[in-house]
Amino acid sequence: MLGDLRKAQEIFHATLREAAVRAARGDVPDEPFWLFSDARWRCLEATKSDLQPEPIEMEERDVTADAESQIQRLDPMQLAVWISAAPDPQRSALALFYLDEFDYRDILDIADLKLTELSHLLSTGRRQLQAWLDSKFPKHNKA
Amino acid sequence: MNLLSSMRRQRFLLNCAPISARQPADRSMRAALSRADGSAEFTDQQKFDRAVAQVVHLIAIPAESAEWFSEKDVLPVAKRSWKSTLRNPAVWAISIAVVVIAGVFVFNFVSHLNDFPGSRTARKLLGIAASTRPVMLDPVNAEAGTLSDLFFMKHGLEHYDVPAEFAEFATIGCRVFEDDESRRIAQIWVSEKRMQFFLFPAERDTKTGAVQRFPGWRYVHQEGWTGAVTEHSGVCFMAAIRGGDKELAPYLSQPRQ
């Protein structure tokens, strides 16, 4: 969500602290994913004051059968930065989806999205990621 | 939902298809996955998603934060409590069905508890009693007990005797007819409380042909009518009356079985 380990850690601890205080007060919300929603909002709040990338038309490509080998060559931190650079709500959708911990209905709940929106964000995200992979690992450079 | 919107929804669902099998999928997602099974485009998407998820899991987490995570799932599958199980509509539906089936079983068991040889025929005859009109019978002005001679002489029916308890009642009419199993039934209408008497062959053992006897009087009930049945010499006699057991009890000399 942030592409910055230090900020991520601060938000993680702030979220847990808030959760502990709420639990001590007996003020834990009924929503099952409130902790994750809270963390997401804190991340969005933290990046609000950051330098925002100019909105540009990202190139898109169809997902290919050999994308798997391109992805395997990716440095995890590069992928983290790429996802964190996406505008929200696409950033939240990609981050929550690829954590592979949540059902799509959970993601709709946490990120406050509709199915059509989530579907569009993920589909576009894949195509943009494929275009980025193609530019980063052109086919003729494949190992 | 028309076909087009249904296909569009499936497309939306497939774009959000779970990466790993451990995530629960709802019914609509399962249906979409089953329809897309084997499609090259979807297979590529799944491989793509799995590869990205693997890299995402390699993203370093600061040690200070990592210690908060156990090896267990972030969202362990919650065990269903008894309360939530009871609130499940499916559980309700099954419970109601089981209760209804059990109720029918108990009803059948209880209603057949007092069955005796010939009770099925007796119930059918109570139905006939309810629908019989006086004009359907031949007018007879005699005591009921004297009709056994008539049945023997005119219809060749032996032992079609009215028991002593009912022999002195004045008769309005009588007839002999065959039921749906070709058994010859004698029907007598008496003036006393508009009672009807039926005489019919007793049940016989299908193997030996022996009469299945039973002692005393037995009651049967059907459509608001009550019948008191007794067997003598291979012929059953039934006194039928509209009402309950109490209407017939005063006429029966022997205690109820």
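In this predicted model, seven residue pairs are in polar contact across the interface of chain B and chain A, both partners at pLDDT 80 or more. On the chain B side, four helices each supply at least two residues that touch chain A: α1 (3-15), α2 (27-36), α3 (40-58) and α4 (63-66). The greatest share comes from α3(B), with 12 residues. In total, 37 residues of chain B are in contact with 39 residues of chain A. The two chains bury about 3,500 Å² between them. Carbon and sulfur atoms account for 67% of that area. One salt bridge crosses the interface of chain B and chain A. A:Arg126 and B:Asp49 form a salt bridge through their side chains, at 2.8 Å from N to O.

Helix α5 of chain A, residues 90-98, is mostly covered. Nine of its nine residues are buried. Among them are A:Arg91, A:Leu94, A:Phe97 and A:Tyr98. The buried residues of α5(A) pack against elements of both chains. Within chain A, these are α2 (34-48), α4 (76-84), α6 (104-110) and α7 (115-136). Chain B contributes α1 and α3. After α5(A) comes A:Asp100, with a positive phi near 60°.

In chain B, helix α1 holds B:Gln10. B:Gln10 has a relative accessible area of 18%, so the residue counts as buried. Leaving aside residues up to four places away in sequence, B:Gln10 touches B:Ala32 and B:Arg35.

Side chains of opposite charge can pair when their charged atoms come close. In chain A, A:Arg22 pairs with A:Glu18, their closest N and O atoms lying 3.7 Å apart. Both residues belong to helix α1 (residues 5-25) of chain A. They are four residues apart, about one turn of the helix. An α-helix has 3.6 residues a turn, so residues three or four places apart point the same way. A:Arg22 is partly exposed, at 24% relative accessibility. A:Glu18 is also partly exposed, at 29%.

A:Glu59 and A:Arg61 form a further salt bridge, at 3.1 Å from N to O. A:Glu59 is partly exposed, with a relative accessible area of 47%. A:Arg61 is partly exposed at 36%.

In chain B, a salt bridge joins B:Asp180 to B:Lys124, with 3.6 Å between the closest N and O atoms. This pair links distant parts of the chain, 56 residues apart. B:Asp180 sits in the loop between β2 (171-178) and β3 (184-190), whereas B:Lys124 lies in helix α7 (residues 119-131). B:Asp180 has a relative accessible area of 62% and is therefore exposed. B:Lys124, at 34%, is partly exposed. Both residues take part in a network of salt bridges. The network also includes B:Arg120, B:Asp179, B:Glu181, B:Arg183 and B:Glu203.

Chain B also carries a nonpolar surface patch of about 530 Å². B:Phe105, B:Val106, B:Phe109, B:Val110 and B:Leu113 make up the patch. B:Phe105 is placed in helix α6 (residues 89-111) of chain B. Its relative accessibility is 59%, so B:Phe105 counts as exposed.

Conventions
Residues numbered from 1 in each chain as written. Chains lettered and ligands numbered in written order. Predicted model: local features only at pLDDT ≥ 70, side-chain atom pairs only at ≥ 80, totals over all residues. Heavy atoms only, no water. Patch = residues over 30% accessible without salt bridge, like charges linked within 9 Å, V, L, I, M, F, W, Y side chains within 5 Å. Areas by Shrake-Rupley, 256 points an atom, 1.4 Å probe, with all protein chains shown as cover. Salt bridge = Lys/Arg side-chain N within 4 Å of Asp/Glu carboxyl O. Buried < 20%, exposed > 50% of the residue type's maximum accessible area, 1.4 Å probe, protein only. Contact = heavy atoms within 4.5 Å. Buried area = accessible area lost by both parts, 1.4 Å probe. Polar contact = N/O pair within 3.5 Å; in protein donor to acceptor, adjacent residues only side chain to side chain.
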